[in-house]
Every structure is written in C-alpha cells, then in structure tokens.
Amino acid sequence: WVRGFACCVPGCEDRRIVFAHVRSAANSGTGLKPPDSAAVSMCDAHHQEQHRIGQPAFERKYGISLSGIAAGLARRSPDRELRAAMKTSYLTT
C-alpha cells in the first residue's frame, strides 16, 4: 500500500518506490526492524541518500518530517489494526 504513493521528497518524480523505514531511538537497534507504522514511500535514490547522510540532515535538506509522513500514512492505512495502534503510538506527530 505504501509503495503505491509517490516519493515523499517534494518534487521527486521517480516512480520506483521502496518501502523505507523511519528509525528512531524507540524503534531501532541491533537486530531490530522498525514497525510498518514507521514507513514512508521513497524512491531508491532518496532512500540511499537518507541512509548516507542520516535522517536529521535528510529532513532538514528537504524540509520534511519523515516520522510525520509515516504517521499520516499509518493513520490512513487499509490495515485496521495499524490504524488502531496509531491512536496510542509514539508516531502520532
């Protein structure tokens, strides 16, 4: 479902979308994968850039909040359980 959206970077027209996880202190660590509620649609080039320069620098560069975008997508998800979980999630920004 997330991959059906355009890249979350404003102005990006690349339609080869990947499911990119947004990492935070609360959802990452060695051997941990962030939950599906912490995901955004992103083209592969921007996904690689985000990993290369780090999430804070990436967000500043493009003027976006990846956790905010992920929360918005999760609140609109076709998955009822995911939508319900968002009512008490750390990603309710």
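In which helix does H46 lie? H46 lies in helix α1, which covers residues 44-53, where a helix is a DSSP run of H or I of at least four residues, a strand is a run of E of at least two, and both are numbered from the N terminus. The model in your viewer is predicted, so local features need pLDDT of at least 70 and side-chain atom pairs count only at pLDDT 80 or more, while totals for chains, interfaces and linings use all residues. Residues are numbered from 1 along each chain as its sequence is written, and side-chain values use heavy atoms, with hydrogens and water left out.

**The whole chain**

Of the 93 residues, 41% are buried, where buried means under 20% relative accessible area, exposed means over 50%, and partly exposed lies in between, using a 1.4 Å probe and protein chains only. The accessible surface comes to about 5,600 Å², and 52% of that surface belongs to carbon and sulfur atoms; these areas come from the Shrake-Rupley method with a 1.4 Å probe, and for residues only the protein chains shown count as cover.

Now select H46, which counts as buried because its relative accessibility is 13%. Leaving aside residues up to four places away in sequence, H46 touches C7, V9, C12, F58 and Y62, a contact being heavy atoms within 4.5 Å.

To display the contact, select H46, E49, Q50 and I53 of α1 together with Q55, A57, F58, K61 and Y62 of α2.

Stay in helix α1 and move to Q50, which is buried because its relative accessible area is 5%. Not counting residues up to four places away in sequence, Q50 touches H21, M42, Q55, F58 and L66.

**The cysteines**

Next, select C7, C12 and C43 and look at their sulfur atoms. The structure holds zero disulfides, a disulfide being a pair of cysteine sulfur atoms within 2.5 Å. For C7 the closest cysteine sulfur is in C12, 3.8 Å away and therefore too far for a bond; for C43 the closest is also in C12, at 3.7 Å, again too far for a bond. C7 is buried, with a relative accessible area of 7%, and C43 is buried too, with a relative accessible area of 1%.

**The loop and helix α3**

What is the place of G63, buried or exposed? G63 is exposed, because its relative accessible area is 64%, and you will find G63 in the loop between α2 and α3 (66-75). Draw a distance from G63 to V9: their C-alpha atoms are separated by 8.8 Å, although the residues are 54 apart along the chain.

Finish in helix α3 with A74, which is buried because its relative accessible area is 3%. The C-alpha atoms of A74 and V40 are separated by 9.2 Å, and the two residues are 34 apart along the chain.
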